[in-house]
Protein chains: 2
Amino acid sequence: LRIALIGYGHVGKAFARLLQAKRASFPFRIVGIHTLRHGTAYNEGGVSVEPQWEVRASTLEEFLARAQPEVVVEITTLNPEDGEPAITHIRTAFARQIHVITANKGPIAHAYGSLSDEARRRQVEFRFESTVMDGTPIFSNVRNNLPGVKVLGFRGVLNSTSKVVLAGMQRGLSIEDGIREAQAMGVAEADPWYDIDGWDSAAKAAALANVLMDARTTPQTVERKGLRDIDPAEPARLAGAGKVIQLVSSGECVDGSVRLRVRPEILDQHDLLAIVKGTSNALLLHTDLMGTIATVSIDPGVEQTAYGLFSDLVDIAKSV
Amino acid sequence: LRIALIGYGHVGKAFARLLQAKRASFPFRIVGIHTLRHGTAYNEGGVSVEPQWEVRASTLEEFLARAQPEVVVEITTLNPEDGEPAITHIRTAFARQIHVITANKGPIAHAYGSLSDEARRRQVEFRFESTVMDGTPIFSNVRNNLPGVKVLGFRGVLNSTSKVVLAGMQRGLSIEDGIREAQAMGVAEADPWYDIDGWDSAAKAAALANVLMDARTTPQTVERKGLRDIDPAEPARLAGAGKVIQLVSSGECVDGSVRLRVRPEILDQHDLLAIVKGTSNALLLHTDLMGTIATVSIDPGVEQTAYGLFSDLVDIAKSV
């Protein structure tokens, strides 16, 4: 398969390295990379992990016309407010009947319904496993392994920065000190308040609801409270009583529509959602036929996000 | 697809009910059921959930010749020592080029290597999702969602009775009192000492290693300690120090071969393997590309085991 990348940061590099390592068993070739910062690279024989950059193609159209990919991997930097420019990139690829994979939660949180309609109309595939849990199988688990199952709701702890900051608050740190800790660990988003105020968790809740519960919603509709809504002394006080606060993303069916919430919840210290720390995430899916099943990712990093893209690629290769 | 069941207990009934409920969207039909206790039932239009039993077919061969199934679902009672008669049932079906699904861990723990070779030779499918975690996707997760990934090892808490008994010991109960508790909850095996002495956990470890790590081993090769190897006062003593004992099944690669162990392990009370109670199970898979991912089943029951068979059936329907 001929692959083109849009964006080339840490995840892109890890993905390129992975494709190279797996080349013998999986015949995937990066024929072009388009970036805002470095320019554009093409190579029919496979762009190397350290690409030779040319002058930037003036439009994405021009890039795609020259690279002629079968699959586009969208990994630009997220604009959390509206999911752009990733949504436009994805539409542009669909319009040329190119399959799309993204690690970008914005398009899934803001426009999954219309994007998946468009993919169907153009008869192309659309995959996004790395958007919510760093490549750990969530969407593919439901799609491939849970046929006939209806997802009734979910509860998840899905944001790294808030976990680090809450653990700091348990020890008496301020939110600001906790943010510095998260930044030192390299887990915070460019704007840490996006994490702290629950926007990242809301985007993930909307993405889960859009894909798994057919919700056609956006992060803005999520009832959202963040860490600034907590009494700063409460985490430490609760710790003494065997309780933990986590920023929980949840979705449930209420009267035929999906109610989404992000809020700090008080959990028993032995709760599955209480024990996940740092970049580890946990997601409980409530289903009709399989009861409740949980998936936990343990300390995932950029290599796992890159693997999620790879697993999407193999899934597309199987279905074309 | 024409389905035949061998065995018809609680799981079989739940499975038959599920097929009936899903008939509109999944065209699966039970054309025959063969049991030791009730006799044999046939119906070209679909055997009902409460079958009309006829005299038992004198051999499995005779049953299969008359029912002419495309898929056999093997759900007889397990003989834990050698996996029979399930292994012979599966071989008999393979010999007639019939796909097989089983919820029976014995064949996977004792003979997976040779059975899967045989299935390949006969060009039939073989599935067994319900054998280790009551239908929660484990094997299908690796097969369908983790392409190119190597499983390097695993750690799991996979036996219900031992969890109930250990929780009792924490409160000062004896093993025997704990067994009575587990029996009252309906989670104990016919012979509870099979659970307590770690044989069930060893069978599950062998099954996981056979399928996910190509180990070609049996439960007898697992280094095994059970609850009788614990000082009876220890669980209560450890509880005071924030520690929990669980019966852990584990597998790891050591010098190119797979080392399997079942033993009571002392865990921090916040460990993922420490917090699972009752029928809830947890399994950590250590992989090369996806790091460590965990799956947790929350209070599964017979409906989930039946769903595991159903998901296997859909998977087979997709690949034939």
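This is a predicted model: local features need pLDDT of at least 70, side-chain atom pairs count only at pLDDT 80 or more; totals for chains, interfaces and linings use all residues.
**View 1. The pairing of β2 and β3 in chain B.** Strand β2 of chain B, which covers residues 29-34, pairs with β3(B) in the antiparallel sense, and three bridges connect the two strands. One residue pair to look for is B:Ile33 with its bridge partner in β3(B), B:Ala41. In general, strands of a sheet pair through backbone hydrogen bonds, in either a parallel or an antiparallel manner.

**View 2. The interface of chain B and chain A.** The contact is made by 39 residues of chain B and 39 residues of chain A, and the area buried between the two chains is about 3000 Å², with carbon and sulfur atoms giving 60% of that area. Of the area that chain B buries against chain A, B:Asn145, B:Met290 and B:Tyr307 supply 20%, more than any other three residues. Zero salt bridges are found across this interface, whereas 18 residue pairs, both residues at pLDDT 80 or more, are in polar contact across it. On the side of chain B that touches chain A, two or more residues come from each of the elements α6 (139-145), α12 (272-275), β12 (292-298) and α13 (302-319) of chain B, and α13(B) gives the most, with eight residues. Sorted by class, that side of chain B has 18 nonpolar, 15 polar and six charged residues.

**View 3. Strand pairing between the two chains.** Strand β12 of chain A, residues 292-298, and β12(B) pair in the antiparallel sense over seven bridges. Within this pairing, A:Val296 has B:Ala294 of β12(B) as its bridge partner.

**View 4. Cis peptide bonds in chain A and chain B.** In chain A, the peptide bond that joins A:Glu84 and A:Pro85 is cis, with omega about 5°, and A:Pro85 is found in the loop between β4 (71-74) and α3 (86-95) of chain A. In chain B, the peptide bond from B:Glu84 to B:Pro85 is cis, with omega near 5°, and B:Pro85 is placed in the loop between β4 and α3 (86-95) of chain B.

**View 5. A positive phi in a loop of chain A.** A:Gln123, a residue other than glycine, has a positive phi, with a value near 55°. A:Gln123 lies in the loop between α4 (105-122) and β6 (126-127) of chain A. As background to this view and the preceding one, most residues other than glycine have a negative phi, and most peptide bonds are trans.

**View 6. A salt bridge between two helices of chain A.** Over all chains, a search of the whole structure finds 42 salt bridges. One of these salt bridges is formed by A:Lys105 and A:Asp200, whose closest N and O atoms are 3.1 Å apart. The pair links distant parts of the chain, with A:Lys105 in helix α4 of chain A and A:Asp200 in helix α10 (residues 199-212) of chain A, 95 residues apart.

How values were computed. Residues are numbered from 1 along each chain as its sequence is written. Chains are lettered from A and ligands numbered from 1 in the order in which they are written. Side-chain values use heavy atoms; hydrogens and water are left out. Two strands pair if DSSP finds at least two bridges between them. Helices (H or I, at least four residues) and strands (E, at least two) are DSSP runs, numbered from the N terminus. Contact means heavy atoms within 4.5 Å. Buried area is the accessible area (1.4 Å probe) that two parts lose on being put together, summed over both. A salt bridge is a side-chain nitrogen of Lys or Arg within 4 Å of a carboxyl oxygen of Asp or Glu. A polar contact is a pair of N or O atoms within 3.5 Å; within protein, one must be able to donate a hydrogen and the other to accept it, and residues adjacent in sequence count only if both atoms are side-chain atoms. Ala, Val, Leu, Ile, Met, Phe, Trp, Tyr, Cys and Pro count as nonpolar, Asp, Glu, Lys and Arg as charged, and the others, Gly among them, as polar.
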